Amino acid sequence: MESGVAEDSDLEKTEAPSSRRLEQAREEGQVPQSRELSTFFVTITGVLTLWLLGGWMAERMLALLRTGFAFERETAFDVTLMLEVLRGQLGGALLMLMPLFLTLMVAALAAPVVLGGLVFAPKALGFKFSRMNPLQGLSRMFSVHGLAEMVKAILKSVLIGGVASMVLWSNKDHLFDLMVTPLEVGLADFSSTVIFAAVLIAASLGLLALMDVPFQLWQYHKKLRMTKEEVKREGKEQEGDPQVKGRIRAMQREMARRRMMAEVPKADVVVTNPTHFSVALKYDAQRMGAPVVIAKGRGETALKIRELARENKVPVLEAAPLARALYKHCELEQAIPAALFTAVAEVMAYVYQLDTWMKEGGLPPPPPAHLPVPAGMDPGSPDQ
């Protein structure tokens, strides 16, 4: 019984969406959106544009009205001339409204970016049969989201209608007086009334957007919630299967070992502790400030290094304390530490003497004995 309850809890979407889940949703075009925020942006942008450019637009409108109502008698009976006048009036009206159209377009594009960021999702453009399914459409209409949208639409209508009614009722006498007011003065008064009403409407829409944005963010993250099983599966996908990672690490170690073994034939000498350690050294006086470790190993790897050295006629020197110290304190492709310079110098001198003997003959040089390895450097010394 308890296992069944545990399985059910694993299937419930109780976990917050991970960063990967949010990224996948963005790739599919799913970002938080608020129609109320977009409406507010467009409305307030339009109000600001009218407030800043209202005088210029009023002048252009007066000019268009004068041109439209003042024409010669012959023009009224000539279709071609009337079309020219109409074309000019339409062009002037479009030029007058162009700044307003452009700012509204920018506002409509900017509002979604503010809430969900700039998203380019080709996947969202693909055809999905579920979008054509009327049953799913009905389910969305009668869902919590659909109910919330209906409530917002009613509230928006009440707010806008209430504000507009309040402005019209409070200014009804003044609006009737405009009918007998000169055109220039009447247009200025009417414009100020329109802007005042638009500011109040924008404020009411802003209040609605403040309530809608948190709701949309909450609903968006709730929709993307994950089950505990999904979180575990995603964690495994990101971190990788431990067995696969172990095999990859083993392959990497084997490749590194092969590369290291390929360097052994290039060594000048291999220093060994016959049963445990082998360290291959190389020194180029023109390119190196000190001898460099190009291969090292213990156990079977040490044995393989010694075998390769003998096969390629690389000198092998038995010096247990030095081999142990080099293995512990030196990394591959790095110079030996300064504390071992003297001991390694004696080894390299022996190698050069050995090379001369092999070329010229004579008595073989004796291998160095009692190499000066500091006790603190040898992990096999009694002091360690």
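The lining of the second largest pocket consists of ten nonpolar residues, two polar residues and no charged ones (Ala, Val, Leu, Ile, Met, Phe, Trp, Tyr, Cys and Pro count as nonpolar, Asp, Glu, Lys and Arg as charged, and the others, Gly among them, as polar). The model is predicted: local features need pLDDT of at least 70, side-chain atom pairs count only at pLDDT 80 or more, and totals for chains, interfaces and linings use all residues. Residues are numbered from 1 along each chain as its sequence is written, and side-chain values use heavy atoms, with hydrogens and water left out.

**Exercise 1.** Determine which helices supply the lining of the second largest pocket.

*Solution.* Step 1: a pocket is an open set of points on a 1 Å grid over the protein atoms alone where a 1.4 Å probe fits, with protein on both sides within 12 Å along at least five of seven lines; lining residues have an atom within 4 Å of a point.
Step 1: the second largest pocket holds about 280 Å³ of space. Twelve residues line this pocket, and Leu50, Gly54, Met57, Met61 and Ser191 are the closest to its centre.
Step 2: at least two lining residues come from each of α3 (35–69), α5 (79–116) and α9; helices are DSSP runs (H or I, at least four residues), numbered from the N terminus.

**Exercise 2.** Classify the aromatic pairs Phe40–Phe41 and Phe215–Trp218.

*Solution.* Step 1: rings of Phe, Tyr and Trp (its six-membered ring) pair if their centres lie within 6.5 Å; planes under 30 degrees apart count as stacked, over 60 as edge-to-face and the rest as tilted.
Step 1: the whole structure contains three aromatic pairs. In one of them, Phe40 and Phe41 are 6.3 Å apart centre to centre with 70 degrees between the planes, an edge-to-face pair.
Step 2: the Phe215 and Trp218 rings have planes at 35 degrees and centres 6.1 Å apart, so this pair is tilted. Both residues lie in helix α9 (residues 183–223), three residues apart, about one turn of the helix.
Step 3: Phe215, at 25% relative accessibility, is partly exposed (buried means under 20% relative accessible area, exposed over 50%, partly exposed in between, with a 1.4 Å probe and protein chains only). Trp218 is also partly exposed, at 44%.

**Exercise 3.** Describe the annotated spans 37–58 and 190–215.

*Solution.* Step 1: the unreviewed UniProt entry gives "transmembrane region" for several spans, including 37–58 and 190–215; such annotations may be inferred rather than shown by experiment.
Step 1: residues 37–58 are 100% helix and 0% strand, with end C-alpha atoms 29 Å apart.
Step 2: residues 190–215 are 100% helix and 0% strand, with end C-alpha atoms 38 Å apart.

Methods: Grid points are joined across faces, edges and corners, and a volume is the space filled by probe spheres set on the points.
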